[in-house]
Amino acid sequence: TTPYGLQRAIEGEVERKTGKTFCPPGGKRLTVFLDDASLPLVNKWGDQVTNELTRQLVEFSGFYFLEREKRGEFTRIENL
């Protein structure tokens, strides 16, 4: 599992609400199922970036963009 794959999968299930805030369509709740959370790719520093992205999603209700041109911008996901 790559961090970009996880981010794109979540972004594909939500729609823009306002600005950088997204939510599932129709006022529904988004449930994310994680299978084998200990298996994401490990980078050269020993980090599992996919797990860090998941932690941000749970702890802060969103995540920071990974794409170079948007890096550092925070995306809020409501109704998790």
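Is Tyr-64 buried, partly exposed or exposed? I looked it up: Tyr-64 is partly exposed, at a relative accessible area of 39%. My cut-offs are under 20% relative accessible area for buried, over 50% for exposed and partly exposed in between, with a 1.4 Å probe and protein chains only.

Before going on, I noted the ground rules. I am reading a predicted model, where local features need pLDDT of at least 70 and side-chain atom pairs count only at pLDDT 80 or more, while totals for chains, interfaces and linings use all residues. Residues are numbered from 1 along each chain as its sequence is written, and side-chain values use heavy atoms, with hydrogens and water left out.

**Entry: the aromatic pair**

I searched for ring pairs, taking rings of Phe, Tyr and Trp (its six-membered ring) with centres within 6.5 Å; planes under 30 degrees apart count as stacked, over 60 as edge-to-face and the rest as tilted. The count came to one aromatic pair. Tyr-64 and Phe-74 make that pair edge-to-face, with 5.0 Å from centre to centre and 70 degrees between the planes. For strands and helices I used DSSP runs numbered from the N terminus (helices are H or I, at least four residues; strands are E, at least two).

I then asked which residues of S4 are covered and which are uncovered. Thr-75 and Ile-77 form the covered face, and Phe-74 and Arg-76 the uncovered one. S3 and S4 run antiparallel, paired over three bridges, and Phe-63 has Thr-75 as its bridge partner in S4. S2 and S4 pair in the parallel sense over two bridges, with Thr-21 opposite Arg-76.

**Entry: helix H2**

H2 has twelve residues and reaches 16 Å from first to last C-alpha, close to the expected 16 Å. That expected span is 1.5 Å times one less than the number of residues. Which residues of H2 are buried? I found Thr-50, Leu-53, Thr-54, Gln-56 and Leu-57.

Gln-56 is buried at 15% relative accessibility. Leaving out residues up to four places away in sequence, Gln-56 touches Ser-61, Gly-62, Phe-63 and Tyr-64, where contact means heavy atoms within 4.5 Å.

**Entry: salt bridges**

Side chains of opposite charge can pair when their charged atoms come close. My rule was a side-chain nitrogen of Lys or Arg within 4 Å of a carboxyl oxygen of Asp or Glu. How many did the whole structure give? The search found five salt bridges.

Lys-20 and Glu-73 form one of them, at 3.5 Å from N to O. This pair links distant parts of the chain, 53 residues apart: Lys-20 is in the loop between S1 (15-18) and S2 (21-23), and Glu-73 in the loop between S3 (62-64) and S4 (74-77). Lys-20 is partly exposed at 43%, and Glu-73 is partly exposed at 30%.

Arg-55 bridges to Glu-52 at 3.1 Å, N to O. Both lie in H2 (residues 49-60), three residues apart, about one turn of the helix. Arg-55 also meets Glu-59, with the closest N and O atoms 3.0 Å apart. Those two are four residues apart in H2, again about one helical turn. I also noted that salt bridges with shared partners join Lys-17, Arg-76 and Glu-78 into one network.

**Entry: positive phi**

Most residues other than glycine have a negative phi. I noted Ser-61, in the loop between H2 and S3, with a positive phi near 55 degrees. Ser-61 is partly exposed at 24%. Asn-79, in the segment after S4, has a positive phi near 60 degrees, and Asn-79 is partly exposed at 30%.

How values were computed
Two strands pair if DSSP finds at least two bridges between them.
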